Amino acid sequence: MAATVTLRLIIDDPVPGVRYSLQKDDMPFEPRTAGDGPLAFELPVTLHPDGRMTGPFVRREGPQRRFVYIRIGTSAGDHASAWSRRAKVDIHTIPAALLVPGARLEVHLPGPARDGSPACATVRPVREWRPV
């Protein structure tokens, strides 16, 4: 039987003044403009008995890869932004031992890319997935 797992994505140092949002059903969801502190997003995913994760926030590539998008700048609804990006956060790499019904898991993500602009494409965690 499928169960819900809650994921918390924390951008430790988002670029101040830039709008970020989750992507839900190909649309921005609950956009927020970054300030001086961390920015966190929580989302539910459905965990199936075979380990697959699905839901309105979950995207997939091929039979195994599952990920969540964080929209940035114009993609998050800020049409005046200099950036139009998405950050891809892999969730298929969450250790199976952490994926239990009702789990609440968090991961810490980088905010800026090397050039100081918002990190985008596939972002690697600053700190790995852990239960909270």
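How many bridges join strand β1 to strand β4, and do the strands run parallel or antiparallel? Nine bridges join β1 (residues 3–11) to β4 (residues 39–47), and the two run antiparallel.

## Basis

This is a predicted model, in which local features need pLDDT of at least 70 and side-chain atom pairs count only at pLDDT 80 or more, while totals for chains, interfaces and linings use all residues. Residues are numbered from 1 along each chain as its sequence is written, and side-chain values use heavy atoms, with hydrogens and water left out.

## The sheet

Strands are DSSP runs of E with at least two residues, numbered from the N terminus, and two strands pair if DSSP finds at least two bridges between them. Five strands form an open sheet, in the order β5-β4-β1-β9-β11, with mixed pairing. Its edge strands, β5 (53–54) and β11 (127–131), each pair on one side only.

## The core

A nonpolar core is a set of buried (under 20% relative accessible area, 1.4 Å probe, protein chains only) Ala, Val, Leu, Ile, Met, Phe, Trp, Tyr and Cys residues joined through side-chain atoms within 4.5 Å. The largest one has 33 residues; Leu-7, Leu-9, Tyr-20, Ile-70, Ile-94, Leu-105 and Trp-129 touch the most other members. The largest share of this core, five residues, comes from β4.

Contact means heavy atoms within 4.5 Å. Not counting residues up to four places away in sequence, Leu-105 touches residues including Thr-6, Leu-7, Ile-94 and Trp-129.

How values were computed: Helix = DSSP H or I, 4+ residues; strand = E, 2+ residues; numbered from the N terminus. Buried < 20%, exposed > 50% of the residue type's maximum accessible area, 1.4 Å probe, protein only.
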